[in-house]
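This report goes through a few parts of the structure shown below.

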Amino acid sequence: MRHPAISPVLTIAFAVCATWIAGTLHAFEIEDHARFGDPGAAREIRIISTADITFFEPMIAAFLSANPEVTVDYTVASSTELSGAVTNAANQFDVVISSAMDLQTKLANDGRAMRHQSDVTEMLPDWAVWNDMLFAFTQEPATIILSKTALGALPVPQSRHDLINLLRQHPDRFRGKVGTYDIRQSGLGYLFATQDTRASETYWRLTEVMGRLGARLYCCSSEMIDAVKSGELLIAYNVLGSYAANRSDRDEFAIVLPTDFTTVMLRTAMIPENAPAPDLAAAFVDHLLQMAHGPQARPLTHTDINLTQLGTALNRIRIGPGLLVFLDQLKRRAFLAEWENAIEQN
Amino acid sequence: MSGPFIKGSIRRRLLLSLLAGAAVLTVIVYLVMQSVARQVAEESQDNVLTASALSILDSARSAGGLVHVDLPYAALSMLDSVTDERVFYAIRLGEEFLSGYADLPAAEGSRPTAPAFRSTTFLGEEVRIATVRRSVSTDLGQKWLTVSVAQTLAGKKRTLARFNRTSLGIGAGFFLVSVLLSAVISRSATQPLHRLTASVSRRGPTDLRPVAAPVPSEMAPLVSSLNSLMARLRTSLSRSEDFIAEAAHRVRTPLAIVRTKAEVALRRSGDDATRAALREMIHAIDDSSRTAGQLLDHAMVTFRLDTLLREKIDLAQLTRDSIKRLHPLSDMKEIDIAAGRMDSVTVQGDAILLQNALQNVFDNAVKYTPNGARVTVDVSATARGARIDIRDTGPGFPATEMARITERFQRGENAEGVVGSGLGLTIVREVVEAHGGQMTLSNNPGGGACVTLQFPQS
Ligand SMILES: Nc1ncnc2c1ncn2[C@@H]1O[C@H](COP(=O)(O)OP(=O)(O)OP(=O)(O)O)[C@@H](O)[C@H]1O
Ligand SMILES: [Mg+2]
């Protein structure tokens, strides 16, 4: 690792489980919270994020080594809670980081983001910045996860088409053993599903096939990976590849980037318009972008996931008002109804 | 001569008015381009917004008395395709808000079915709103389904900024071209003036002919008054020349008679005092008749210069003839006039005048040098034409008087006791200059005078 681990003296990490409502925070549900750096530091930067502390720690460590006079306050929340928290002006954060591109876009579109321009943002590729408000610093593909052992001699499906054929040819083998997001619960699952339908009709056929096989529905990628590992599932569809690749038991399952098209989610950062320390926020965002896009960029996800090999199959979700369409309540209701129709057939 | 009293310049005034006109035009062109650009940018933004709103409106279907709107993905994403824009929309059925941003106002048009537009501020940023309507049937009868779509102005502003740069460039280019054109125009407009000036100032000092070159109508009055002024000048000049010539002629004959009488008296008189007085008298008479003769010559020269002949003249031949004619006089003083270098070279001009000029120079060479002196004449072809050098071995020109002695009636201090009028070198200078040439006086390094006559290429 390039960055030294944060020294225990400087790190005061509160691993607060379940619900923790801070006095200063307006009621929303947080999943985790930690503080980094010198507790007596004069300045503080408050970050709210959907990413696990462990995933983000290296970033913060690098930032702190460059800015030792700062403490970092890091709060983890689900994407919906995060979006709600930022919407409420009583909550003050300096940087908002989320994987829910649609909700982030809505926050920015609604005028909750501050515009930020710097030398670093100048060098970003077009897809990585929207309106100087949203900045993408990861590219994380939706993948198919398969249990290597249970598949036996069957070939590993490389595309949705392969997957549909495989499921159709061996219905008994896969009944009750396929899983995907419950898109009613998971914002990311909903985002992946809606983007899949934009790219191809195959998604609906696949959903119907999975529905006929009694697909199991999950809230999160990590649960799907656990289920594949435990043998509860043989195949999980639309699993966040970065989560799968970052696990230490990554060799126990196959990670497939579908060759017909691979939907790629961008994790984005923004500076809320009511940020108490916008200068620190700007410095942190620049730091983040520098590490992600700069000349010495270090992929935040595992190097096994090589997006450049995808070529035209790379279906990077475009940040922009198009994402608002599926957030439209009428549209969402209609989409979920159609999805339920397809997935719940037994 | 005092210079003219100058106030202003036609060319500068013309240039300035042209430039002022060009500047005004440039500003107008710039403003027009700006307003056209604004209109075009607004129109194209409105078109995109209308297309977006209509695509939402078209996606609405009423089924079983309910209205379903299936927001097309492109409806919003197309508003963000070129530049990053914030996008807002609102869908309403009658007064009831269905979806989107509830606070987004609708634009009101004159006709309900035509797209309507408005500019306003929404959620902290300037936006342009397009609203379209369609009547749909519901449980409660016909209602208006209203779709408003709004977009921020980043793209429009960028287009305008780019256009602004372009129109600034065009404006600057336009102005630059105008400046060049103005310079050319003002120069060509004053060209006839310069031509007239040049043709008048190119003239010789005695050329008083009317201006014949064509001039533009605006200058015709000036030229005709100039011509009439010159005509008057010419008549008055020739009248006084005639008068002088007439006077000289009238004086000459009685002088000759007086001289003859004085010589007869001198021969007869035995008294020394009377003889001396008579000799002085004869000398004075010689001076006077020389003056009268030179005045006549000068008048003749002036007359011939008026319409100068332009015949080919072989300078060497002319020089030899002049030398020959001088022999009686030079032999008297035992002065040897030698033709030195004799290049065969021709000039255009009046042989009689040139002959007269040479005669005057030779006359001086003989008059102002002691007995037995030598005079050398060289005729040489030069790069720029021809020159004649007349050198003698006399005392040379008095150094302090070189500039003065070419003026009329001016004689040098060494002329005392020598018959003369002081008109000789004046005639020479006038003749040579009338031929486009130049007369230079100098003294030889080894002593003696040197007169150089230079003529341009024929
Ligand atoms: N070759 C010469 N050597 C010395 N002095 C000269 C010579 N030629 C002319 N000069 C001087 O220049 C003066 C002017 O000469 P210019 O020929 O004009 O008049 P002039 O000889 O006195 O009279 P004119 O020639 O009319 O009879 C003379 O008076 C004389 O002083
Ligand atoms: Mg003389």
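## Basis

Two strands are taken to pair if DSSP finds at least two bridges between them. The model described here is predicted.

## The sheet of chain B

Chain B holds an open sheet of five strands in the order E4-E3-E7-E6-E5, with antiparallel pairing. Its edge strands are E4 and E5 (residues 116-122) of chain B, each of which pairs on one side only. On average, neighbouring strands of this sheet are turned by 25 degrees against each other, direction ignored. Helix H1 (residues 10-58) of chain B packs on the sheet and touches E3, E5, E6 and E7 (residues 141-152) of chain B. The direction of H1 makes about 35 degrees with that of E6(B).

## Strand pairs within the sheet

E3 (residues 87-93) and E4 (residues 96-100) of chain B are joined by four bridges in the antiparallel sense. One bridge pair is B:Leu93 with B:Glu96, the latter in E4(B). The hairpin of E3(B) and E4(B) has two residues between the strands, and B:Gly94 in this hairpin takes a positive phi near 60 degrees.

E5(B) and E6 (residues 125-138) of chain B also run antiparallel, with seven bridges between them. In E6(B), B:Ile129 stands opposite B:Arg118.

## A helix contact in chain A

In chain A, the axes of helix H9 (residues 202-212) and helix H14 (residues 329-343) come within 7 Å and cross at roughly 45 degrees. H9(A) is therefore oblique to H14(A), because angles under 35 degrees count as roughly parallel and those of 65 to 115 as roughly perpendicular.

From H9(A), the contact involves A:Tyr203, A:Trp204, A:Thr207, A:Glu208, A:Met210 and A:Gly211. These meet A:Phe335, A:Glu338, A:Trp339, A:Ala342 and A:Ile343 of H14(A). By class, the contact between H9(A) and H14(A) has seven nonpolar, two polar and two charged residues.

## Surroundings of ligand 1

Which residues are the closest to ligand 1? Of the 22 residues that surround ligand 1, the closest are B:Arg290, B:Tyr368, B:Arg411, B:Asn414 and B:Ser421.

Oxygen atoms of ligand 1 have polar atoms of chain B beside them. A polar side-chain atom of B:Arg411 lies 2.5 Å from an oxygen atom of ligand 1. With B:Gly412, a backbone N or O atom lies 2.8 Å from an oxygen atom of the ligand. For B:Gly422, a backbone N or O atom is likewise 2.8 Å from an oxygen atom of ligand 1.

How values were computed:
Residues are numbered from 1 along each chain as its sequence is written. Chains are lettered from A and ligands numbered from 1 in the order in which they are written. This is a predicted model: local features need pLDDT of at least 70, side-chain atom pairs count only at pLDDT 80 or more; totals for chains, interfaces and linings use all residues. Side-chain values use heavy atoms; hydrogens and water are left out. Axes are lines fitted to C-alpha atoms, for helices over the stretch in contact, and angles run from 0 to 180 degrees between N-to-C directions. Contact means heavy atoms within 4.5 Å. Angles under 35 degrees count as roughly parallel, over 145 as roughly antiparallel, 65 to 115 as roughly perpendicular and the rest as oblique. Ala, Val, Leu, Ile, Met, Phe, Trp, Tyr, Cys and Pro count as nonpolar, Asp, Glu, Lys and Arg as charged, and the others, Gly among them, as polar. A residue is near a molecule or strand if one of its heavy atoms lies within 4 Å of it. A polar contact is a pair of N or O atoms within 3.5 Å; within protein, one must be able to donate a hydrogen and the other to accept it, and residues adjacent in sequence count only if both atoms are side-chain atoms.
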